[in-house]
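Colleague: I'd like to learn how to read strand pairing and helix packing in a model. Could you walk me through it?

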Amino acid sequence: MIHNLFKNEVYLEPNEHKYFDSKGNQYISFSALYGKLVKKFDADKISRYASKGKDYSANDLKQQWNQTTINGSRVDKALETYAQTATLDPSDEDLRQCVIDVLEKYKVYSKTYEQGVPYSLEYRVAGSWDKLSLKSNRTSCNFILSDFKCFNGGYKSLFEVKGQPWLNAPLNHLPNNKFVKISIQLSFYAHLFEELTGRKCEKLFIDLITPVFNEDNRLVSYKNEVVPVMYMKNDIKIFLETFREEILDDLNNTINITVETVNETITNVDEEYF
């Protein structure tokens, strides 16, 4: 999203879902960066293990995971679209009441921003927040960051540890669960935003949706709750400094897209939002 909160020097290339600046230099995303803290998820191996002795196959389980991801992405996109246009795609009409109820809590803020791209030129990292909120128009106003998450298992699933019990160093004092990952993710965005603007973080929270979809993947019921998370600023600083050289090595081994492609993306985004 184009905005005037800070200089928009890094942009998300939507087709490849990668981050670049206007010179074509690539930036590492949060998901790629977080991958340094956990073992890579082996869907084939885990699905075979989880389906052993069950009345469903490994392929059935992978299809279920894929559909869950699709449903969650549809909810996330509907929330973004409705927040910006007060409309929904006709195919998302089953989500209307859920979207309205979830977004109601943001009416107390003076301004909200969807899908902004905070970044660090120093560390060559970037990401996209779901929702950034401001209480007033003052440039010194503190900010609130939230992340929409759609988990079938609800609140309890945030704290389940599966597979690797602890994160890798330097954050190996933290358990490997969804709550910790989202806490790190929001803290990562908050730290980058603070560095870019001088504003201070007031609150971080997970905007958790527990959905129930029918066999046609239409939403039939839901629960929405706010789950506060801690601002792990010092952990983020240590995390970035630990992997500074590795990030640059990773990026140097990738092929940057052309400046023309990035500039075309920037132009398209400008036309979309203005």
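Modeller: Start with pairing: two strands pair if DSSP finds at least two bridges between them. Helices (H or I, at least four residues) and strands (E, at least two) are DSSP runs, numbered from the N terminus. This is a predicted model, where local features need pLDDT of at least 70, side-chain atom pairs count only at pLDDT 80 or more, and totals for chains, interfaces and linings use all residues. Residues are numbered from 1 along each chain as its sequence is written, and side-chain values use heavy atoms, with hydrogens and water left out.

Colleague: In what order do the 5 strands of the open sheet come?

Modeller: The order is 4-7-8-9-10, with mixed pairing. Strand 4 (111-114) and strand 10 (219-229) are the edges, each pairing on one side only.

Colleague: How many bridges join strand 8 to strand 9?

Modeller: There are 8, and strand 8 (residues 143-150) runs parallel to strand 9 (residues 201-213). Leu-145, for instance, has Leu-204 in strand 9 as its bridge partner.

Colleague: And how do I read helix packing?

Modeller: Two packed helices are described by the angle between their axes and the distance between the axes. Axes are lines fitted to C-alpha atoms, for helices over the stretch in contact (heavy atoms within 4.5 Å), and angles run from 0 to 180 degrees between N-to-C directions. Here helix 6 (residues 178-197) packs against helix 7 (residues 233-242) at about 85 degrees, with the axes 9 Å apart. That makes the two roughly perpendicular (65 to 115 degrees). Among the contact residues are Phe-188 of helix 6 and Leu-240 of helix 7.

Key
Parallel < 35°, antiparallel > 145°, perpendicular 65-115°, else oblique.
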